[in-house]
Amino acid sequence: MRMDESRYSVAEVIEMLGRRDLVANKEYQRGSGIWPAGPRSYFIDTVLSGFPFPKIYFYEYLDKASRKTKRELVDGQQRISSIVSFVEDKFVLTSVSKRFSGMRFSDLQPEVQDQFLSYPISVDVIRNATRQEILE
């Protein structure tokens, strides 16, 4: 098993998800579903403020049928789903976000939207691993 550090912008991760070059594999998910509004808002406020958050983990492999690199989201599914939901205007930030309370992504100033989309996400990319090694 090999692990490499990388960084992807929010926009790049959203694009990978849209192309299905990155998929959320529920097999790796601990716990239950999507965070409630408060934790999601707190997390999005962290990104909007430019503060770091813990690394996300991808499993990367070569899909032999398509001969394309594919990635599975191993750890960070709730964080990434919160980002995607926010960019798609699917929730309003709560009062835990002092500066952006009551706002959707589309309500943000264009320069704030650009900063959000260009925010660098730290990712550890797992390669040459078996499913069992990843689950451990």
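Modeller: We shall go from the overall fold to single residues. This is a predicted model, in which local features need pLDDT of at least 70 and side-chain atom pairs count only at pLDDT 80 or more, while totals for chains, interfaces and linings use all residues. Residues are numbered from 1 along each chain as its sequence is written, and side-chain values use heavy atoms, with hydrogens and water left out.

Colleague: How many helices and strands does the protein have?

Modeller: Helices (H or I, at least four residues) and strands (E, at least two) are DSSP runs, numbered from the N terminus. The protein has five helices and five strands, and along the sequence they follow the pattern β-α-β-α-β-β-α-α-β-α. The radius of gyration is 16 Å, close to the 14 Å of the globule rule for 136 residues, so the protein is as compact as a globular protein of that length. That radius is taken over C-alpha atoms, and the rule is 2.2 Å times the number of residues to the power 0.38. The C-alpha trace spans about 45 × 30 × 25 Å along its principal axes.

Colleague: What percentage of the residues in the protein is buried?

Modeller: A residue is buried under 20% relative accessible area, exposed over 50% and partly exposed in between (1.4 Å probe, protein chains only). Buried residues make up 40% of the 136 residues here.

Colleague: Which residues is Val-23 in contact with, leaving aside its neighbours within four places in sequence?

Modeller: Contact means heavy atoms within 4.5 Å. With those neighbours set aside, Val-23 is in contact with Arg-71, Glu-72 and Leu-73. Val-23 lies in strand β2 (residues 22-24), and its C-alpha atom is separated by 8.2 Å from that of Lys-70, 47 residues apart along the chain. Across the protein, among contacts between residues at least 6 apart in sequence, 71% join residues at least 24 apart.

Colleague: How many aromatic pairs does the structure hold?

Modeller: A pair of aromatic rings is described by the distance of the centres and the angle of the planes. Rings of Phe, Tyr and Trp (its six-membered ring) pair if their centres lie within 6.5 Å; planes under 30 degrees apart count as stacked, over 60 as edge-to-face and the rest as tilted. The structure holds nine such pairs. One of them, Phe-43 with Phe-53, is edge-to-face, at 4.9 Å centre to centre and 70° between the planes. This pair links distant parts of the chain, with Phe-43 in helix α2 (residues 37-48) and Phe-53 ten residues apart from it, in the loop between α2 and β3 (56-63).

Colleague: Are Phe-43 and Phe-53 buried or exposed?

Modeller: Both Phe-43 and Phe-53 are buried. Ring pairs also link them with Trp-35 and Tyr-119 into a cluster. Pro-54 lies in the loop between α2 and β3 and is exposed, with a relative accessible area of 57%. The C-alpha atoms of Pro-54 and Val-123 are separated by 8.9 Å, although the two are 69 residues apart along the chain.

Colleague: What is the phi of Arg-67, and where is Arg-67 found?

Modeller: Most residues other than glycine have a negative phi. Arg-67, although not a glycine, has a positive phi of about 60°. Arg-67 is found in the loop between β3 and β4 (68-75) and counts as exposed at 71% relative accessibility. Asp-89 likewise has a positive phi of about 60° without being a glycine. Asp-89 lies in the loop between α3 (77-87) and α4 (110-118), and at 25% relative accessibility it counts as partly exposed.
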